[in-house]
Amino acid sequence: MSITVLHMSAAVLSVLVGAVVLFARKGTGFHRACGRTYVVAILVMIVSSFFVTEIRDGWSVFHAVSILTAALVLFGWLQPVVGRSRSGWLRRHMLSMQLSYLVLIVTGTAQFFDYLPLPNDALNAIVFLQLPLMVGVVAIVRRSRRPIGFHDSLPSPS
């Protein structure tokens with residue numbers, strides 16, 4: 001299997017499992033199992049991205065985004081694992097994971113639509129990168145202001 005196929009497979013798995021995690025009931029064993037799958041898949045995608053340079057003829061801004069995404073995912077994953085003793089761990093977990101998923105969707109969309117024959121690169125960046133990013137950030141911020149459906153005193157993950 002080529003590294004590009006591994007990267008793309010992990011990306012598709014991350015998108016699919018990430019959507020399930022976002023919409024599944026939180027705090028359940030199913031949520032935790034899907035969440036672990038998401039973390040592993042996205043980390044495989046991130047690590048493999050550093051070996052995929054033929055798509056853009058070398059390093060690109062997407063490699064920098066990989067570092068940001070890794071930080072978001074790892075920070076979000078650490079919250080329920082070691083951060084339960086700190087107040088607000090649940091909100092930090094949710095925000096980090098939602099932002100990691102948003103970055104995944106936006107960069108994937110930008111990569112895919114970057115090959116469309118639009119009149120110029122600026123239009124492509126606005127339509128397929130900035131617009132979905134703004135909509136996603138607004139949605140996440142609005143959601144983060146609503147009360148969370150359960151308390152920070154959930155049982156420890158198994």
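Which residues make the nonpolar surface patch of about 740 Å²? The patch is made by Met1, Ile3, Val5, Leu6, Val40, Val44, Val47 and Phe51. Helix H1 (3-23) and helix H2 (29-49) are the elements that give two or more residues to the patch. Helices here are DSSP runs of H or I with at least four residues, numbered from the N terminus. A patch takes residues with over 30% relative accessible area and no salt bridge, nonpolar side chains being joined within 5 Å; a salt bridge is a side-chain nitrogen of Lys or Arg within 4 Å of a carboxyl oxygen of Asp or Glu. Areas come from the Shrake-Rupley method with a 1.4 Å probe.

This is a predicted model, in which local features need pLDDT of at least 70, side-chain atom pairs count only at pLDDT 80 or more, and totals for chains, interfaces and linings use all residues. Residues are numbered from 1 along each chain, and side-chain values use heavy atoms, without hydrogens and water.

Within helix H2 lies Val47, which counts as exposed because its relative accessibility is 51%. Buried means under 20% relative accessible area, exposed over 50%, and partly exposed in between.

Helix H2 also holds Tyr38, which pairs with Tyr101 of helix H4 (residues 89-113), so parts 63 residues apart in sequence are tied together. A search of the whole structure finds one aromatic pair. Its ring centres, those of Tyr38 and Tyr101, are 6.3 Å apart with the planes at 55°, so the pair is tilted. Pairing requires centres within 6.5 Å; planes under 30 degrees apart are stacked, over 60 edge-to-face, and the rest tilted. Both Tyr38 and Tyr101 are buried.

Terms used: Patch = residues over 30% accessible without salt bridge, like charges linked within 9 Å, V, L, I, M, F, W, Y side chains within 5 Å. Buried < 20%, exposed > 50% of the residue type's maximum accessible area, 1.4 Å probe, protein only. Phe/Tyr/Trp six-rings, centres within 6.5 Å; stacked < 30°, edge-to-face > 60°.
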